[in-house]
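Biologist: I've got the model open here. Could you pick one part and walk me through how it sits against the rest?

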Amino acid sequence: MATQETVSSVQIPVIDVSALVAGQATTAIAHHIRHACCETGFFYVVGHGIDEALQHRLEQLSRQFFDQSLEKKLQIRMALGGRAWRGYFPVGGELTSGQPDLKEGLYFGTELDVAHPSVQANVPMHGANLFPDLPQFRETVLEYLAVMTQLGHTLMAGIALSLGLEASYFRDRYTTDPLILFRIFNYPPESSPEAPSWGVGEHTDYGLLTILKQDALGGLQVKAKSGWIDTPPIHNAFVCNIGDMLDRLTGGFYRSTPHRVKNVSGRNRLSFPFFFDPNFDAALHPINLKGVLVEEAKEQRWDNASVHEFRGTYGDYVLSKVAKVFPELRQEVL
Ligand SMILES: O=C(O)CCC(=O)C(=O)O
Ligand SMILES: [Fe+2]
């Protein structure tokens, strides 16, 4: 099948961000990030400082969760999460470009109790998580959310530096209260590698930055300029990619690159995408980059998508997307 061919000549760069994590504004890292964001919009990070034991615990608990019966998993189904948009969805329950994905998963976000002003005001995608009834699951996910949110701020500082902006550019304007979405996915094995289905169909991510932990099985493919390329797992490295909002802010200079997943390993593949996105109520305006960059960007854009045209807040944008992904939950959030 032509769509399954991948070329391996292009490589996604691996960037050691330990100096950035240590609070240093290094031009070498900024340069690497800039190159990666202009080329494929994807890069691996190592030296990120996220505890391996925590990651291991998260993976073990997730396997335990998905190994349970469907009936048990449905006890925390998304319909019960209401407007907060949290909980479990079964295989086929989520659509990409109108097609059901071959995956099941859990949705989490920043944990807010009922007294929080956003919950009081009934703001969609804000609220309490639905945690599985498994010892240590809640604590592990909340710890992971906390350390990954911090890493998100750190990497966005690196991205700011890579654009010639001050390190706090995004934090000051767009991510004082970032919208955090965290998903845990289980991709069951395909019945045959030739099956016409996708774990996740081709798409771009909505927000600023996605930081993905994947297990050892692989399956994530990225649409590079030269064609589809694999993103093989690297031990203790996260895969980062640029979302639509950073594409918008940079006038397309940094790319929100299409990607997709096909699990041909014959086993259950787990992945853990963490989405670090703008404040829900932020309106995003193009950054005043040097004119030459923006001109270049216009020529290079990979499509004429509406990310540069839409008006409104990040919340408006993400809700319009979410309604297409889970049509039956649409009325909950809109
Ligand atoms: O599971 C993966 O490797 C990627 C998932 C993904 O692209 C997404 O959730 O947006
Ligand atoms: Fe994605």
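Modeller: Let's start with Ala53: it has 7 C-beta neighbours inside 10 Å, and a residue with 12 or fewer counts as exposed, so Ala53 is exposed. Keep in mind that this is a predicted model. Ala53 belongs to helix H3, which covers residues 52–66, so let's stay with that helix.

H3 is made of 15 residues, and its first and last C-alpha atoms are 21 Å apart, close to the 21 Å you'd expect at 1.5 Å a residue. Its buried residues are Leu58, Leu61, Ser62 and Phe65. Look down the axis of H3 and these fall within an arc of 105 degrees, so they line one face of the helix.

What does the buried side of H3 pack against? Its buried residues sit against H7, E7 and E14. As a whole, H3 lies across strands E6 (104–109), E7 (179–187), E9 and E14 (269–277), and it runs at about 120 degrees to E14.

Those strands are part of an open sheet of eight, in the order E1-E2-E12-E9-E14-E7-E6-E3, with mixed pairing. Strands E1 (14–16) and E3 (87–89) stand at the edges with a single partner strand each, so one side of each has no neighbour in the sheet. From one strand to the next, the twist averages 25 degrees. Within the sheet, E9 (residues 209–214) pairs with E12 (residues 238–242) in the antiparallel sense, over four bridges.

Now for H7, the helix partner of H3's buried side. The largest nonpolar core has 79 residues, and those with the most contacts inside it are Phe43, Val45, Met156, Leu209, Ile211 and Cys240. H7 (residues 137–162) supplies ten residues, the largest share of this core. Have a look at Met156: leaving out residues up to four places away in sequence, it touches Phe170, Arg171, Thr175, Leu208, Leu209 and Phe276.

One last pair takes you back to where we began. Ala53 and Ala237 are 184 residues apart in sequence, yet their C-alpha atoms are 14 Å apart in space.

Definitions and conventions:
Residues are numbered from 1 along each chain as its sequence is written. Chains are lettered from A and ligands numbered from 1 in the order in which they are written. This is a predicted model: local features need pLDDT of at least 70, side-chain atom pairs count only at pLDDT 80 or more; totals for chains, interfaces and linings use all residues. A nonpolar core is a set of buried Ala, Val, Leu, Ile, Met, Phe, Trp, Tyr and Cys residues joined through C-beta atoms within 7 Å. A residue is buried if 20 or more other C-beta atoms lie within 10 Å of its own, exposed if 12 or fewer, and partly exposed in between; C-beta atoms are placed from the backbone. Helices (H or I, at least four residues) and strands (E, at least two) are DSSP runs, numbered from the N terminus. Two residues are in contact if their C-beta atoms, placed from the backbone, lie within 7 Å. Two strands pair if DSSP finds at least two bridges between them. Axes are lines fitted to C-alpha atoms, for helices over the stretch in contact, and angles run from 0 to 180 degrees between N-to-C directions. The expected span of a helix is 1.5 Å times one less than its number of residues. The arc is that of the directions from the helix axis to the C-beta atoms.
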